[in-house]
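Okay, everyone, thanks for coming. Let me put it up on the screen.

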Amino acid sequence: MVTEGKESKIFLTKPFSLEGKSDLDPSYSAPNLLRRLLSLLKNVRPGSDLTHFQLPPLFNFPKSQLQCYGESVYCTASNLLSRCNSGQSPLDRFTSVVAWSISTTRPSSFGVAPYNPILGETHHVSKGNLNVLLEQVSIDPPLSALHATDEKENIEMIWCHQTVPKFRGTCIEAQVHGKRQLKLLKHGETYEMNSPHLLIRILPVPGINWIGSVNIRCLETGLVAELSYRSSHSFLGLGGNRKLVQGKILDSSSSKVLYEVDGHWDRTVNVKDTNSGEVRVIYDAEQVISGLQTPIVKHAENVWPTESALVWSELSRAIMNKDWEKAREAKQGVEERQRKILRERETKGESWIPKNFVVSRSKEGVWEWVCSPIHKWVPAAPIIS
């Protein structure tokens, strides 16, 4: 989306829809994509960490990773968060939280990846009463923090993500480490969960899917969900592309399974009551992530200089225009400005301090990063969805 005047410096694109498309229309694809991708990785050894691997603009889609995280929260066609809050019983609310967690699993496109956020980059968007703020709080390791609040519903969300892409020879697995918290403050309930990993399969048949185990638990009620994301592809990559999510909801105090979970995260997900045998739909992807619209700039004068849609605007516009020479120059420009800021900071002996989060490490079985928001509530944003 391109707007007039000052707003023309801010470049926003559609979120990925159920069909896995953003503003990348069917005609957009890197020429000879698979061959070029294989050429790019020919000197990379299996098992290598690709965290700092620099992709040329040809393999980027016009969006920062911060925007992708944010869109999975604020880009929805129905308000699942409100449903979480309105559940009459702890089990009703927990089941709605499971559905909401599944809704953050979004389609993507094979062969193209978002930009790696620069240090201090932010993304600030509002959807109704939900205000969402993200910040890249570290680049070594790469840590993205999210804080979202809805004062009307009395809901708070805190995420801390570290993405570690690994090359596996025939695929790339983007491991997403870190904790997600959803707090229903009205009910005094905190839900903790992790994220599935993104598998980009190169051979024998190109494809992309979310895989791995997701555990969701409510600290106060003891309810737990154990979900498994996987593809139904055969060994040779044939036989369809069914994006499965299966698992169970149980009471951890008794280990009793209350619901069996089964479905497809890009279609519908059902729960089956283990007592009555009743089956019902808890999530319908078409209702939640279809027909999503591009966010709009409401108050351009209040957009921060660190906003993703501003930092990467020149590069995003060049990619959308398929002007690869200009895209290369724009990307180099962002990277050089970052190197200059780093050199100046090192010369002055200054340390980087995030603006909106306190970053620390805790040990709960394993060491993990914790991103704690500085402010209680996220303010309304100049960009709305």
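Let's start with Lys248: this residue is partly exposed, with a relative accessible area of 33%. Keep in mind as we go that what you're looking at is a predicted model.

So who does Lys248 pair with? Its side chain meets that of Glu226 in a salt bridge, 3.8 Å from N to O. Glu226 sits in strand S12, residues 223-231, and Lys248 in strand S13, residues 243-251, so this pair ties together parts that are 22 residues apart in sequence. Glu226 is partly exposed as well, at 34% relative accessible area.

There are also salt bridges that share partners, and these join Lys179, Glu192, Arg217 and Glu368 into one network. Take two members of that group: Glu368 and Lys179 form a salt bridge, with their closest N and O atoms 3.4 Å apart. Here the link is between distant parts of the chain, 189 residues apart: Glu368 is in strand S19 (residues 366-373), while Lys179 is in the loop between strand S7 (171-177) and strand S8 (180-184).

How many salt bridges does the structure hold? The count is 10.

One I'd like to show you is Glu189 with Arg93, where the side chains meet at 2.7 Å, N to O. Glu189 belongs to strand S9 (residues 189-193) and Arg93 to helix H4 (residues 90-103), so the bridge ties together parts 96 residues apart in sequence. Buried or exposed, then, for Glu189? Buried, at a relative accessible area of 5%. Arg93 is buried too, at 7%.

You'll find Lys298 in the loop between strand S17 (296-297) and helix H6 (308-311). Lys298 counts as exposed because its relative accessibility is 52%, and the cut-off for exposed is over 50%. What does Lys298 touch, if we leave aside neighbours within four places in sequence? Pro382, Ile383 and Ile384. And the C-alpha of Lys298 is 9.9 Å from that of Ser385, a residue 87 positions away along the chain.

Let me zoom out to finish. The chain has eight helices and 20 strands. Of its 385 residues, 51% count as buried. If you take contacts with a separation of 6 or more, residues 24 or more positions apart account for 58% of them. As for the surface, the chain exposes about 18000 Å², and carbon and sulfur atoms supply 51% of that.

Terms used. Residues are numbered from 1 along each chain as its sequence is written. This is a predicted model: local features need pLDDT of at least 70, side-chain atom pairs count only at pLDDT 80 or more; totals for chains, interfaces and linings use all residues. Side-chain values use heavy atoms; hydrogens and water are left out. Helices (H or I, at least four residues) and strands (E, at least two) are DSSP runs, numbered from the N terminus. Buried means under 20% relative accessible area, exposed over 50%, partly exposed in between (1.4 Å probe, protein chains only). Contact means heavy atoms within 4.5 Å. Accessible areas come from the Shrake-Rupley method with a 1.4 Å probe; for residues, only the protein chains shown count as cover. A salt bridge is a side-chain nitrogen of Lys or Arg within 4 Å of a carboxyl oxygen of Asp or Glu.
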